[in-house]
Amino acid sequence: MRTQATVLFDAPGPRARRNILLSNAAALVVVLVIVVLVLIQLNAQDQLAPDKWINALNANAWTNYYLPGLQFTLQASGIAVVTAMVFGLIFGFMRLAPFGPIRWIAGVVVEFFRAVPVLVMMFFLYFFFSRIVAPTGLIASADAAYYGVIVGLTVYNGAVIAELVRSGVKSLPKGQREAAAAVGMTNNQSLRLVEVPQALTAMLPSLLSQFVVIIKDSALGYLIGFYELLQYSRQLGSGYSNILQTLVVAALIFIVINFILTWFASKLAGRLSSRTGGDTAPVTSTTMGPALAVK
Amino acid sequence: MNGFLELFAEYDIIGAFWMNIRLTILAAIGSFVLGTVLAVFRISPVGSLRAIGTSYVNVVRNTPLTIIMVLGVLAVWGQLKITFSSDFALNFFIYAVIALSIYHAAFVCEAIRSGVNTVPQGQAEAARAIGLSFLPAARVVVLPQALRGAITPLGNTLIALTKNTTVAAAASVAEASGLMKTMIEFNPDLMVSIFLTIAIGFCIIVIPMGLLTTWLSDKLAVAR
């Protein structure tokens, strides 16, 4: 049995095992030293004072700040996931269309939204909603940031999902399309009934990873004044002058939620692999075009 | 149209993009160094180093970059009073570079690791079979293939980094997205053309990077 993780190292012998033990001890010491240094620095600035942490963790903090903030974060992200799916499916289909001009238009739209930073998109949408849409009475001007976040997340992630749909269909074995043609399906039927459903199954894990991206990017709403988790935490922190503590708590909430989603995505990828002819590897960078993996 | 052209005279659009590019270059270097160290940790046979690498990646990858940026500026600078330069703008610029480096190091680490994972076990075994010891095997056989496998994810990380430099707006660094905000605030009637100017600026920077990544990874792909 091989015990090591990678291609680079052979199974350790007695001397290597001793060296590993020594390195473990050294790493432990270094980590401890760093932790102590951080604690000393925190203490020097009076950041370890109990009341600062209590005020960042007590019932008032949760019921009046973190939970309402989290609600808006998840609400905006949840809506954006659904609308991004719709956007992505429409443009994914258009990018697979047999008619050239439709493919090109969809291609330009998708490439544009993938290349423009989400924050630039959100700044623009915020002004668009507050200065142009709100005066018409269609939305309340207080909601401009909320819609800005949702639409900004939708177009970017929708463009990413459109690419996922396209690459998912492209990664299917050729036989799927040929078999559909052999039983007399048209191009459209083959896409709709055979290829895209399999591509969607294969995409599910990446969609979950995309949900993580959306949740993380919803924090950008902070910069256009959207009241989400980060905004609420900052407000709490300015109120009790414990901003370091409240931001750490907010970061931990994000980490826990996203960690669970990421973990679930990788479990799902393993379970779904038998249900499609395509690839269910938690799609990050290698299976698709550029600019998709991170953020 | 006249008003639009005057904007170019009034605001330093090129300078703002230059700020994004400088942030990109410095943070790319920072995150590459840190990410490589973490990747070495994650593929090392030493359990504790692997644990450190894994925890770093899991924590940082799941934290919004905005929070890292705001934590840096409001908590580390504001509360812990850690200052890198007496010049305000430079200080925040350094904070932005550090936050971007910390965040993207996690993705660089994963890119390099996935590159190493593309190398089949048989390659290392063959290297040992012809008598290469650890360092020559790593240098001549494994790492060259691993780096080629890592080109696509590394390119994607660099593209994401370029776009994410806009988040430096949270540290009040004078870059393109912040400039766009100011420009629209003072010229709301030119909103769409201002947005398109900045957006196309990013397209001009980002799309060639994507094409280059695809071209490089095709050209250098390891035939197996």
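Two residues are in contact if their C-beta atoms, placed from the backbone, lie within 7 Å. By this test, Ala96(B) is in contact with Leu23(B), Met69(B), Ala168(B), Ala171(B) and Val173(B), leaving aside its neighbours within four places in sequence. The model is predicted. The predictor gives the complex an ipTM of 0.92 and a pTM of 0.90. For chain B, the average pLDDT is 92, and 99% of the residues score at least 70.

Ala96(B) also belongs to the largest nonpolar core, which has 150 residues. Ala96(B) is among the residues with the most contacts inside this core. In soluble globular proteins, nonpolar side chains tend to be buried together.

In chain A, Tyr156(A) sits in helix H6, which spans residues 144-170. Tyr156(A) counts as buried because it has 26 C-beta neighbours inside 10 Å, and the cut-off is 20 or more. Not counting residues up to four places away in sequence, Tyr156(A) touches Phe113(A), Val118(A) and Met121(A). Phe113(A) is 43 residues from Tyr156(A) along the chain, yet their C-alpha atoms are separated by 5.3 Å.

The contact between the chains takes 56 residues from chain A and 62 residues from chain B. On the chain B side, several helices each supply at least two residues, including H3 (47-61), H5 (88-117), H7 (134-164) and H9 (191-219). By class, this side has 37 nonpolar, 21 polar and four charged residues.

Conventions
Residues are numbered from 1 along each chain as its sequence is written. Chains are lettered from A and ligands numbered from 1 in the order in which they are written. This is a predicted model: local features need pLDDT of at least 70, side-chain atom pairs count only at pLDDT 80 or more; totals for chains, interfaces and linings use all residues. A nonpolar core is a set of buried Ala, Val, Leu, Ile, Met, Phe, Trp, Tyr and Cys residues joined through C-beta atoms within 7 Å. A residue is buried if 20 or more other C-beta atoms lie within 10 Å of its own, exposed if 12 or fewer, and partly exposed in between; C-beta atoms are placed from the backbone. pLDDT is the predictor's confidence in each residue, from 0 to 100. Helices (H or I, at least four residues) and strands (E, at least two) are DSSP runs, numbered from the N terminus. Ala, Val, Leu, Ile, Met, Phe, Trp, Tyr, Cys and Pro count as nonpolar, Asp, Glu, Lys and Arg as charged, and the others, Gly among them, as polar.
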